[in-house]
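Hi,

Here is the structure I promised to pass along. My notes on what turned up in it follow below, grouped by topic so that you can check them against the coordinates as you go.

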Amino acid sequence: MRVGDNFCPGILHAVPAKDGLLLRIRVPGGLISAEELCAIARLSSAYSDGQIEITSRANIQLRAIRDEALSPVVQGLRTAGLLPSPGHDRVRNIMTSPLAGLDAEELVDTRPLVRELDERFLADPVFMDLHPKFSFGIDGGGRWFSRETDDVSLRAVKVGDGIVFRLSIGGVSSGFGVGADRVVDCMLEAARMCLRVCKELEIPVRARALLASPGAVERVLEGLSALLVPCVGSEDGRAFLEAPLGVQAMAGSEFVSVVPSVPLGRITAGQAHLMAGLAKEWSGDLRLAPWRGVVLGAIPRGAADGVVSSLRAVGLPDDGRDGYRGLSACAGNTGCEASLADVRGDAVRLADSLASSLAGRDARPGWTVNISGCEKQCAMRKGATVELVATELGYSVKIEGVTVPSVCSSNSAIEAIVAHHARLDPEAYS
Ligand code: SF4
């Protein structure tokens, strides 16, 4: 177990933050069992701040852990099976759609691929050397919600009568793909080649470092040539800007998924227990989502209203009327020394103001707001409608990509944002 500032957090790598120690728990594909979520919730109640934070890579963070509580938290996570390989503790980012197996638009249910990839990945110590931020994306060809660029990704596309997974490196299509039966082989081999080439070139093991080194990506592809077939096409603009909310029907199925609003990406231990209980009661499942939310999957259609009511009762509504739709904030001044403002408090006040102005209506589709405590902008997502960045003098505000000439107080920023939301949808507010 290590404690220090200079590494990415894991379970065995605690990072000190302003509010205490921070741990990050790997959840490949965001696929988490009810038992695992309950175990994390119990530990959070006992040793942390009673909150569970979902990251944009669909992993989990526990914050505000006291020094003396670190050992029991680590032991508890280990007992819950959440530390299957100490060596791979921080090498963990396997992304897939949180609607995998539920999305009528998908070509392939990627969950078995995610599980196989993780199993084989953990079995090979060579992958311990990957950069902690290295990420794999397996995309079944349906809706894709992650705004992050994966180092290596494979996306299912139709080619003639068959399906090929198109390979991209650092978000750039390689011009090649792999058959559905070799997806995991290709992922692992791609990671091996990235390691080999990056080590030879003495660059970080990240796709963007490969892309910046002439000929490096070609060398990776050369190592994969036995697996690859030509497959042209581009990945540009395929991510959905907005997270789904509410009851999502599955075509031709008697099951639905229920997607609640998760304010600022955090759920309480009590909310986690409730969601786990609902998933168990209805034999559904749970997925963490890269929009920093949760999906209750495979809920019988007839049970959906009851599930929605139970979630609403604990502060997890199924619509954007709470003002939190698209709203994202970094750790802020309670969790981060660098923060120049109470960004989470300001985010709550913004959500309240938006909710009042919405007067029972849903927030505008596509609406996104990022609030960051400093220029580093950890909470930043590409293409947000509004970006607020705290400075020494107040908030710098960017609306629809245009920077407002002068910085302003949090109250003025909130007023400007609410007014802009109203301007976008004048009929609803007339
Ligand atoms: S954006 Fe700045 S203040 Fe916010 S978490 Fe990142 S480093 Fe801290």
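**A pair of helices**

In this predicted model, helix 1 (residues 34–47) and helix 2 (residues 70–79) have axes that come within 10 Å and cross at roughly 170°. Angles over 145 degrees count as roughly antiparallel, so helix 1 runs roughly antiparallel to helix 2. On the helix 1 side, the contact is made by I40, L43 and Y47; on the helix 2 side, P72, V73, G76 and L77 meet them. Sorted by class, the residues of this contact are six nonpolar and one polar, with no charged residue.

**Around the ligand**

Which residues surround the ligand? They are C330, A331, C336, A338, S339, G373, C374, K376, Q377 and C378. By class, this shell has six nonpolar residues, three polar ones and one charged.

**Salt bridges**

- E116 and R120 form a salt bridge, with their closest N and O atoms 3.0 Å apart. Both residues lie in helix 3 (residues 111–122), four residues apart, which is about one turn of the helix. E116 is partly exposed at 34% relative accessibility, and R120 is partly exposed with a relative accessible area of 34%.
- R287 and D285 meet through their side chains in a salt bridge, 2.8 Å from N to O. R287 counts as buried because its relative accessibility is 1%, whereas D285 is partly exposed at 22%.
- D318 and R312 also have side chains that meet in a salt bridge, at 2.8 Å from N to O. Here D318 counts as buried, with 17% relative accessibility, while R312 is partly exposed at 46%.

As background, most residues other than glycine have a negative phi.

A58 is not a glycine, yet its phi is positive, at about 60°. A58 sits in the loop between strand 5 (51–54) and strand 6 (60–65). Is A58 buried or exposed? At 3% relative accessibility, A58 counts as buried.

E400 is the other one: its phi is near 50°, again a positive value in a residue other than glycine. The loop that holds E400 runs between strand 21 (394–399) and strand 22 (402–403). With 44% relative accessibility, E400 counts as partly exposed.

**A pair separated in sequence**

Finally, N411 and R349 are 62 residues apart along the chain, and their C-alpha atoms are separated by 8.9 Å. N411 belongs to helix 11 (residues 410–424) and counts as partly exposed, at 45% relative accessibility.

If you open the model, you could start with helix 1 and helix 2, then go on to the residues that surround the ligand, and end with the loops that hold A58 and E400. I would be glad to hear what you think once you have had a look.

Best wishes

Definitions and conventions: Residues numbered from 1 in each chain as written. Predicted model: local features only at pLDDT ≥ 70, side-chain atom pairs only at ≥ 80, totals over all residues. Heavy atoms only, no water. Near = heavy atom within 4 Å. Nonpolar A, V, L, I, M, F, W, Y, C, P; charged D, E, K, R; others polar. Axes fitted to C-alpha atoms, helices over the stretch in contact; angles between N-to-C directions. Helix = DSSP H or I, 4+ residues; strand = E, 2+ residues; numbered from the N terminus. Parallel < 35°, antiparallel > 145°, perpendicular 65-115°, else oblique. Contact = heavy atoms within 4.5 Å. Salt bridge = Lys/Arg side-chain N within 4 Å of Asp/Glu carboxyl O. Buried < 20%, exposed > 50% of the residue type's maximum accessible area, 1.4 Å probe, protein only.
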